[in-house]
Amino acid sequence: MISYVINGGKELNGEIKNSGSKNSALPILATAILNPNPVVFYNVPDIDDVKTTLKILKVLGCKITRECDKITISSFNLKKTEIPEELMHRCRSTVILVGAIVGRMKRATFSFPGGCNIGARPINLHIKALKELGIRFTEKQNKIICATKTIRGAKLQLEFPSVGATENIILSSIYAKGVTRISNAAKEPEIKDLANCLKKMGAKIYGAGTSNIKIVGVNKLNPVQYKIMPDRIEAGTFLCGAAITHGKIRITNTNPSDLSNVLYKLKEIGCDISIKNNEICLKAPKKIKSISISTEPYPGFPTDLEPIFTALLTKAKGTSKIEENIFENRFEFCKELSKMGADIKINKNGREISIKGVEKISGNVVKSKDLRGGASLVLEGLAAEGKTVVEDAEYILRGYEKLDEKLLSLGANIKIINK
Ligand code: UD1
């Protein structure tokens with residue numbers, strides 16, 4: 001069991017470099033399956049979800065070399081089409097690989113994906129869309145087999161702008177016959193990043209980053225070198241870390257425009273924010289103001305920063321409200337925050353919380369239940385009086401690169417233990 005041990009009460013001050021985006025890296029690594037030529041990706045974060053994805057790529061037959069944040073992949077000898085169940089269950093984004101495998105090999109075998117325990121997280125939208133592209137699905141002993149002779153472009157309408165389903169459709173339709181159109185597509189910056197990477201390989205994708213995406217099938221892709229976008233959720237987490245500890249932080253190598261809604265909220269609670277090219281500086285106020293947040297698909301407030309802002313608002317003056325509109329079970333971590341003295345009430349069928357700011361947060365032993373909920377406990381530990389132990393930190397390692405090292409460099413007292 002891995003835990004973070006934090007002695008709270010230290011201001012976070014200084015500068016960190018934003019790592020590459022987890023949610024972009026995962027679908028971009030999947031493009032290596034589609035493209036039989038060597039591909040080189042830069043700014044790939046060193047996190048456990050990337051390690052899991054690379055393990056699957058290796059099992060399928062890819063050759064992979066890694067030097068720091070640069071990963072070179074060749075899928076020239078790709079032979080296998082089955083994602084091993086144990087690896088599939090390690091993170092939800094593994095479902096994205098299905099679109100890439102079937103896109104290249106016309107066949108894929110997989111099981112239901114795993115990932116953070118923040119709601120039901122079905123994959124019905126993925127399956128419905130892939131079926132509409134002419135891919136047949138059969139289920140045998142807990143395994144799902146999908147296969148087709150030809151993937152045919154089609155007009156697809158998503159019931160909900162699912163990030164993963166949009167990515168899966170893009171990946172599976174790159175070599176399709178004809179044109180694929182997605183209406184109500186997800187507009188997240190990571191979708192645009194995936195499309196930019198594929199376009200650099202020679203794919204024909206139009207409208208990524210809007211609700212209407214058009215993919216014109218091509219016959220081949222070219223070798224590519226591509227740099228993955230910065231992780232907007234990591235940047236948001238560190239900004240909140242400085243805000244909750246009354247510190248001052250500069251985040252470099254970031255993309256401020258991807259964080260517009262988040263920066264707006266940080267200003268609303270009283271932070272002083274300045275932006276220069278690809279840098280964001282935040283100076284925390286003496287006392288944070290309470291606010292209301294409602295999570296929405298991009299460009300709305302990101303659901304992944306909801307747990308992080310919850311921790312921050314436990315120290316605000318007055319009562320804040322957060323409404324969660326993406327996942328139905330994303331407030332489990334609040335019970336752990338309460339063990340540290342936070343005053344949080346879960347209302348409206350578990351979809352909304354009220355957070356009454358308190359003066360004192362006290363260190364305690366708490367458990368991560370999911371990636372972002374775990375990170376919110378780390379932030380609370382940084383702001384707490386005394387010692388906090390965040391257990392089950394494996395969840396956090398899935399998505400944050402060198403979290404403890406970065407926090408140490410900013411003046412936190414944190415260490416990671418494995419026992
Ligand atoms: C991605 C992100 C995750 C982020 C989320 C929403 C990755 C690796 N993960 O997850 O960090 O929190 O977007 O911004 O990029 N849904 C269905 N059926 C489906 C697919 C989704 O009902 O087939 C529902 C989900 O249960 C959820 C909502 O749609 O309630 C949003 O899910 P989706 O946008 O697909 O999120 P992910 O791609 O899983």
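Predicted model: local features only at pLDDT ≥ 70, side-chain atom pairs only at ≥ 80, totals over all residues.
Figure 1. The side chain of Ser-162 places an N or O atom 2.6 Å from a ligand oxygen, and an N or O atom in the side chain of Asn-23 is 3.0 Å from an oxygen atom of the ligand. A polar contact is a pair of N or O atoms within 3.5 Å. In total, 18 residues surround the ligand, where a residue counts as near if one of its heavy atoms lies within 4 Å of the molecule. The closest are Arg-92, Asn-124, Ser-162, Asp-304 and Ile-326. Residues are numbered from 1 along each chain as its sequence is written, and side-chain values use heavy atoms, with hydrogens and water left out. Local features need pLDDT of at least 70 and side-chain atom pairs count only at pLDDT 80 or more, whereas totals for chains, interfaces and linings use all residues.

**Figure 2. Packing of helix 5 against helix 6.** Helix 5 (residues 124-132) and helix 6 (residues 163-173) have axes 9 Å apart, at an angle of about 25°. Helices are DSSP runs (H or I, at least four residues), strands likewise (E, at least two), numbered from the N terminus. Axes are lines fitted to C-alpha atoms, for helices over the stretch in contact, and angles run from 0 to 180 degrees between N-to-C directions. Helix 5 and helix 6 are therefore roughly parallel to each other (angles under 35 degrees). Their crossing is right-handed, that is, the near helix is turned clockwise from the far one by less than a right angle. Leu-125, His-126, Ala-129 and Leu-130 of helix 5 meet Gly-164, Ala-165, Asn-168, Ile-169 and Ser-172 of helix 6, contact meaning heavy atoms within 4.5 Å. The residues of this contact comprise 5 nonpolar, 4 polar and no charged. Ala, Val, Leu, Ile, Met, Phe, Trp, Tyr, Cys and Pro count as nonpolar, Asp, Glu, Lys and Arg as charged, and the others, Gly among them, as polar.

**Figure 3. Packing of helix 1 against helix 2.** The axes of helix 1 (residues 22-34) and helix 2 (residues 48-60) are 10 Å apart, and the helices pack at an angle of about 10°. Helix 1 is therefore roughly parallel to helix 2. Helix 1 contributes Lys-22, Ala-25, Leu-26, Leu-29, Ala-32 and Ile-33 to the contact, and helix 2 contributes Asp-49, Val-50, Thr-53, Leu-54, Leu-57 and Leu-60. By class, these are 9 nonpolar, 1 polar and 2 charged residues.

**Figure 4. Packing of helix 10 against helix 12.** Helix 10 (residues 306-313) and helix 12 (residues 371-383) cross at roughly 20°, their axes coming within 8 Å. The two helices are therefore roughly parallel to each other, and the crossing is right-handed. Pro-307, Ile-308 and Ala-311 of helix 10 meet residues of helix 12, including Arg-372, Ala-375 and Leu-379.

**Figure 5. Backbone geometry at Pro-299 and Lys-106.** Tyr-298 and Pro-299 are joined by a cis peptide bond, with omega about 10°. Pro-299 lies in the loop between strand 17 (292-294) and helix 10. Lys-106, although not a glycine, has a positive phi of about 65°; Lys-106 is found in the loop between helix 4 (96-105) and strand 6 (107-110).

Definitions and conventions. Parallel < 35°, antiparallel > 145°, perpendicular 65-115°, else oblique. Polar contact = N/O pair within 3.5 Å; in protein donor to acceptor, adjacent residues only side chain to side chain.
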